[in-house]
Structure formats: structure tokens, C-alpha cells
Amino acid sequence: KSGQHPPEGATADGINVKTLGYNWASLQDKFGCAFGSLNFNPKRRGAKKPHDKPIATLKDVQDIIDELEINRRDVLGKVAELYDPLGLWEPLKFQLKIRLKEFNNSSWDQKLTQEQKERWAPIFALFLELPKLEVERSVVP
């Protein structure tokens, strides 16, 4: 219920309950973005192997993009990871989808050029800030 702590079995951190792509802080009655971590590793048995070092800054993002061979499929996959059934983050998703147009004439497995990596690194760095986004849950009777 709103204004109360979530039940222990429904939360991993004691504060938020994950529901439909959002973190719901029931005590404050706010929705937050439930985007996990910025991880470009492929899924194996339903989980992604974590990176060797944590990704916390733009420099970390640039390093991991240079280290891995990122392609159109990877970029689109990161944008698609933003599950937002209520459309709360739609302005951000819309901007990302517009930027994806630069890949329209490239194949799915074509590696990003150095110029494209430099353009997309700051965009991926924004993904690190997504868990900090919160909005009030609105209930209209």
C-alpha cells in the first residue's frame, strides 16, 4: 500500500518494488526507472555476465565501448531495454529512437565507427543516470 513499507518478500532492497519496468517506492509513493546496469555482454542462460570493472562514469562507458565491438544490434538493444508501458520516459526514448536513424543504411552486425562510438558514448552515459529519475505516482479517482 502507498505510504507503507513494502512486504519483505516483494522487495530486494527494502524500499522499492519492481513492477512493469518501474521501481515503485511505496513509502514515498513514487515511480522510478528500473533500468539495471549498462551491460553490453550477451545473455547466457538468461543472465548477462557482469563487466570486469563497474561502469560509473563517461570515461568508463568510453572504455567499454572501445574495448567491445559494439554494432547496430547492440545499440538498438540498449534502447529497447527501456521498458515503459506508461510512457513516463517516452520523451527520452523518442530522442533515442530519432538518433537511431543514423543506422538505417547499415547492416545489423556492422561495427560502429570511431565517430559513432564518440557520439553514442555520452548517450549511454545518460543511462547511468536513469535509476535516479523519479516521478510522483498519480491516482485520479
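Two strands pair if DSSP finds at least two bridges between them; helices (H or I, at least four residues) and strands (E, at least two) are DSSP runs, numbered from the N terminus. The model is predicted, so local features need pLDDT of at least 70 and side-chain atom pairs count only at pLDDT 80 or more, while totals for chains, interfaces and linings use all residues. Residues are numbered from 1 along each chain as its sequence is written, and side-chain values use heavy atoms, with hydrogens and water left out.

View 1. Strand E1 (residues 16–19) pairs with E2 in the antiparallel sense over four bridges, and Asn16 stands opposite Ala25 in E2. The E1–E2 hairpin has two residues between its strands, and Leu20 in the turn has a positive phi of about 50°. E2 also pairs with strand E3 (residues 30–33), again antiparallel and over four bridges. The bridge partner of Tyr22 in E3 is Cys33. Four residues lie between the strands of the E2–E3 hairpin, where Asp29 takes a positive phi near 60°.

**View 2. Side chains of strand E2.** In a regular strand the side chains alternate between the two faces of the sheet. From E2 (residues 22–25), Tyr22 and Trp24 point one way, and Asn23 and Ala25 the other way. All four are buried, meaning under 20% relative accessible area with a 1.4 Å probe and protein chains only (exposed is over 50%, partly exposed in between).

View 3. Asp60 is found in helix H1 (residues 58–67). A polar atom of the Asp60 side chain lies 3.0 Å from the backbone nitrogen of Ala56.

View 4. The structure holds six aromatic pairs; rings of Phe, Tyr and Trp (its six-membered ring) pair if their centres lie within 6.5 Å, with planes under 30 degrees apart counted as stacked, over 60 as edge-to-face and the rest as tilted. The rings of Phe35 and Phe127 have centres 5.2 Å apart and planes at 75°, so this pair is edge-to-face. Phe35 lies in the loop between E3 and strand E4 (43–44) and Phe127 in helix H4 (residues 114–127), 92 residues apart. Phe124 and Phe127 are also edge-to-face, with centres 5.8 Å apart and planes at 70°. Ring pairs link Phe35, Phe40, Phe103, Trp120, Phe124 and Phe127 into a cluster.

Definitions and conventions: Polar contact = N/O pair within 3.5 Å; in protein donor to acceptor, adjacent residues only side chain to side chain.
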